[in-house]
Amino acid sequence: MALPFAHALLVLMSLAGCDPHDAEVTGSYAMYFAEATSENIGRLRQDIVPPVCEYEQSDPNTADNAIETDKIFTDECYKEKVEIEKQFQEDWDLAPLDCRGLSDYNAIELRDAIIPGWETQYEAQCCAESWDEDTSNDPDGDMLTTADCTLRSAPYLYFLSSYSMYVDNKPLETWREEVVMTSEGDLQLTIHVDTRFGDFRAGWVIDPDFQPTQCVEEGGTAVLQEIDGDWVEGWSNSNEEDEGYLTYFLNAGTAQVNPSNTGDGWVLDEDWYAGSGFARFGDETFSLYSTDYVDPSFQYPGGEYLPLWVSVDDEGKVVGGYGNYGAEVFEELDCGGSEDSCGAFTDYPDFVQMLKDNANNGGYTKDDVYVDPIDTELERFGLISHDDQPFKLKVEDNGWRATEAGQGSNAVGFDNWAGLNPSWVRLKTTQEDLAKVEPGTLEKPIEGDFQLYLFSSSTASVLVVNGSFTINKVAEDEWGWDATLDEEKREQNATPTCGE
């Protein structure tokens, strides 16, 4: 698929003059505006001038370096800042969230860094002691005392404890729904939603005929051969809940890492991109967060990552890889018995089940500690209930790919790898029927659902979109081009295709 994200934007801009309703879409979005850097928040705050509150020591006999923490958040100036902040939140229907590690801040620095008024909520939302069943270890009510506050952090959606944010969660009340078959043969859905921050548009684009191939020599002749078989079918069988659907993992821009040198990234070939996603919310543009083939919550200081890969012998037994680095975030849950020890994975399916338990099911560690699933992190850490924003992380099970004898320790390819997919599209149809889709009104509508996990690299804001759709019409891409850049360059350079 040639440059799906760039082409999606071109098609989107070209359709600005019409008002299509090619699909019915329902769902919701969760917007996390970075409080300090969001362009939307900055625009809204242009006319708000909060007072500058200088701290003055009220007792001249107190040492110069002492701060009266019982008064630092209660003086009249700070109270005024809190009232202005509360009015801002009420006017724009926003909820504050700030669970950053603040132990290095003194009281004055803290007062200047946090959202005014959040100090009264910090311990209740951010301290693990406030969430456990032991009432004897409850925080003391003084957020400046870190001895009784173990900071909570999400293993996967780690941005929730990395920034000070404003939270916005609303239904997808779309006023425009565009479905286009691009000139490259890709299927693209774009929705538009009116928000109090301006126009919000988001979309996905997939390659219906997605199938990576390679040119190999057979009997002295070069032939185009499928790699590992049917990828869409394999992905669609990765999770039980996807039965009856075609599942496309939005993997544009994804990379693996070399298990033997975890600072060495392996970027996927563009021909292996099944789809992408895009969005713009008011003043901010968002990019896709695609498949994780590495442990998402752990990174060595030198920029190295832990690959979600296991090495196996010819009997399929795990002999290395994940579980042997000593710094893994995820561990086996609900394991036991002589053949399934929490100390090591027995085989690749055991490794995949570990990820599914951590992502979707939850369970108990060998120390009898319950681990909540990643699917509930927005609710537990992000102030949004799972019913209002049903985040779903899909685990990519590559057990359908064959491992050649003696190659179980060779990480090149995808066998014995697993992926974590926060961005995906499901279509309730067959590959045969999807291949027949052409521009025009569809005799048989296409139903499905999707999830987009997106981020702004310039502002640090994060956006999650979940939706269900029924596609009734597919428009033709009249503004595209006949030949892709690859095809043009092949012609210019007289580059032969496979088998010529």
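The structure is a predicted model, and the protein has 10 helices and 24 strands.

**Helix α3**

- Helix α3 runs over residues 76-92, and because each of its 17 residues is taken at 1.5 Å, the helix should span 24 Å, which agrees with the 25 Å that separates its end C-alpha atoms.
- The buried residues of α3 are Tyr78, Lys81, Val82, Glu85, Phe88 and Gln89. Because these residues cover an arc of only 120 degrees around the axis, they lie on the same side of α3.
- On the other side of α3, the residues Glu76, Glu90 and Asp91 are exposed.
- The buried residues of α3 are covered by parts of the protein that include α2 (39-44), β2 (95-98), α4 (107-113) and β3 (164-171).
- At the start of the helix, a side-chain oxygen of Asp75 comes to within 3.1 Å of the backbone nitrogen of Cys77, while after the helix comes Asp93, which has a positive phi near 55 degrees.

**Disulfides**

- A disulfide is a covalent bond between the sulfur atoms of two cysteines. The count for this model comes to four disulfides, and three of them are described here, beginning with the link of Cys53 and Cys77.
- The sulfur atoms of Cys53 and Cys77 are 2.1 Å apart, and with -85 degrees about the S-S bond this link is left-handed. The pair links distant parts of the chain, with Cys53 in the loop between α2 and α3 and Cys77 in helix α3, 24 residues apart.
- Cys53 counts as buried because its relative accessibility is 10%, which is under the limit of 20%, whereas Cys77 is partly exposed, with a relative accessible area of 23%.
- Cys99 and Cys126 form a disulfide in which the sulfur atoms are 2.0 Å apart, and this link is also left-handed, with -80 degrees about the S-S bond. Here too the pair links distant parts of the chain, since Cys99 is in the loop between β2 and α4 and Cys126 is in helix α5 (residues 122-126), 27 residues apart.
- Cys99 counts as buried at 5% relative accessibility, and Cys126 is buried with a relative accessible area of 0%.
- Cys215 and Cys498 form a disulfide with sulfur atoms 2.1 Å apart, and because the torsion about its S-S bond is about 85 degrees, this disulfide is right-handed. Cys215 lies in strand β7 (residues 213-218) and Cys498 in the segment after α10 (485-492), so the pair ties together parts that are 283 residues apart in sequence.
- Cys215 is partly exposed, with a relative accessible area of 47%, and Cys498 counts as partly exposed at 30% relative accessibility.

**Nonpolar core**

- In soluble globular proteins, nonpolar side chains tend to be buried together. In this model the largest nonpolar core has 110 residues, and those with the most contacts inside the core are Tyr32, Phe200, Trp204, Phe351, Leu427 and Leu463.
- Leaving aside residues up to four places away in sequence, Trp204 touches a set of residues that includes Leu187, Leu189, Leu250, Phe278, Val425, Leu427, Phe450, Leu452 and Phe469.

**A buried arginine**

- Arg100 is found in the loop between β2 and α4, and Arg100 counts as buried because its relative accessible area of 17% is under 20%.
- Not counting residues up to four places away in sequence, the residues that Arg100 touches include Tyr105, Ala113, Ile114, Tyr122, Leu151 and Tyr163.

**Residues with a positive phi**

- Most residues other than glycine have a negative phi. In contrast, Asp228 has a positive phi near 70 degrees; Asp228 is in the loop between β8 (221-226) and α6 (231-236) and is partly exposed, with a relative accessible area of 36%.
- Ala460 also has a positive phi, near 75 degrees, and is placed in the loop between β23 (440-455) and β24 (462-476). Ala460 is buried, with a relative accessible area of 18%.

Methods. Residues numbered from 1 in each chain as written. Predicted model: local features only at pLDDT ≥ 70, side-chain atom pairs only at ≥ 80, totals over all residues. Heavy atoms only, no water. Helix = DSSP H or I, 4+ residues; strand = E, 2+ residues; numbered from the N terminus. Expected span 1.5 Å × (residues − 1). Buried < 20%, exposed > 50% of the residue type's maximum accessible area, 1.4 Å probe, protein only. Arc of directions from axis to C-beta. Contact = heavy atoms within 4.5 Å. Polar contact = N/O pair within 3.5 Å; in protein donor to acceptor, adjacent residues only side chain to side chain. Disulfide = S-S within 2.5 Å. Core = buried A, V, L, I, M, F, W, Y, C linked by side-chain atoms within 4.5 Å.
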